[in-house]
Amino acid sequence: MNIELTTASETAPLEVLDLQVSSLRTAGKSLLSVKLLCRSERYANHLQMPSLSWFDASQLQRFSQELATAQYPETSRIDLIDAGIRLTGSVRRLAGMWTAGRTIRIEPLPSSATQFTTFTIHASPNDIKTYASTLYSRLWELFTK
């Protein structure tokens, strides 16, 4: 995957190397932890999304699949209510021209119990498709355990 991620605290984009999904058990609920394993020129790091319900995780995967096939001027938006996350995806515009690139903005909902710094992901349609496929595979692996 050739995905770049930017946050308010990082001056240079982070390269997303892999996606890690694991299950959590809290207060009788089955939640999922999704981490983006990243690398910058200086160090390796991970960015963890707020915990997701299985329903939110399936919506995230479907959102990614739909964004990979989106055409200008389509935008996609979905609120993952249980996690308190808003995802907004769009076709990227560079130097006044619409390109094949995609941008995903991930931000907390105003009502979210877990507030975090908004971050943005930039990728090609193929990389978004690969990410969606990887997410699906990792979710399926956990579901069948």
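I shall describe the overall fold and then the aromatic pairs.

This is a predicted model, in which local features need pLDDT of at least 70, side-chain atom pairs count only at pLDDT 80 or more, and totals for chains, interfaces and linings use all residues. Residues are numbered from 1 along each chain as its sequence is written, and side-chain values use heavy atoms, with hydrogens and water left out.

The chain has two helices and eight strands, in the order β-β-β-β-α-β-β-β-β-α. Helices (H or I, at least four residues) and strands (E, at least two) are DSSP runs, numbered from the N terminus. Of the 145 residues, 42% are buried; buried means under 20% relative accessible area, exposed over 50%, and partly exposed in between, with a 1.4 Å probe and protein chains only.

I turn now to the aromatic residues. The whole structure contains two aromatic pairs. Rings of Phe, Tyr and Trp (its six-membered ring) pair if their centres lie within 6.5 Å; planes under 30 degrees apart are stacked, over 60 edge-to-face, and the rest tilted.

Tryptophan 54 and phenylalanine 143 are edge-to-face, because their ring centres are 5.9 Å apart and their planes stand at 70 degrees. Tryptophan 54 belongs to helix α1 and phenylalanine 143 to helix α2, so this pair ties together parts 89 residues apart in sequence. Tryptophan 140 and phenylalanine 143 form a tilted pair, at 5.8 Å centre to centre and 35 degrees between the planes.

How exposed is each residue? Tryptophan 54 is partly exposed, at 28%, tryptophan 140 is partly exposed, at 47%, and phenylalanine 143 is exposed, at 54%. Trp54, Trp140 and Phe143 form one aromatic cluster.
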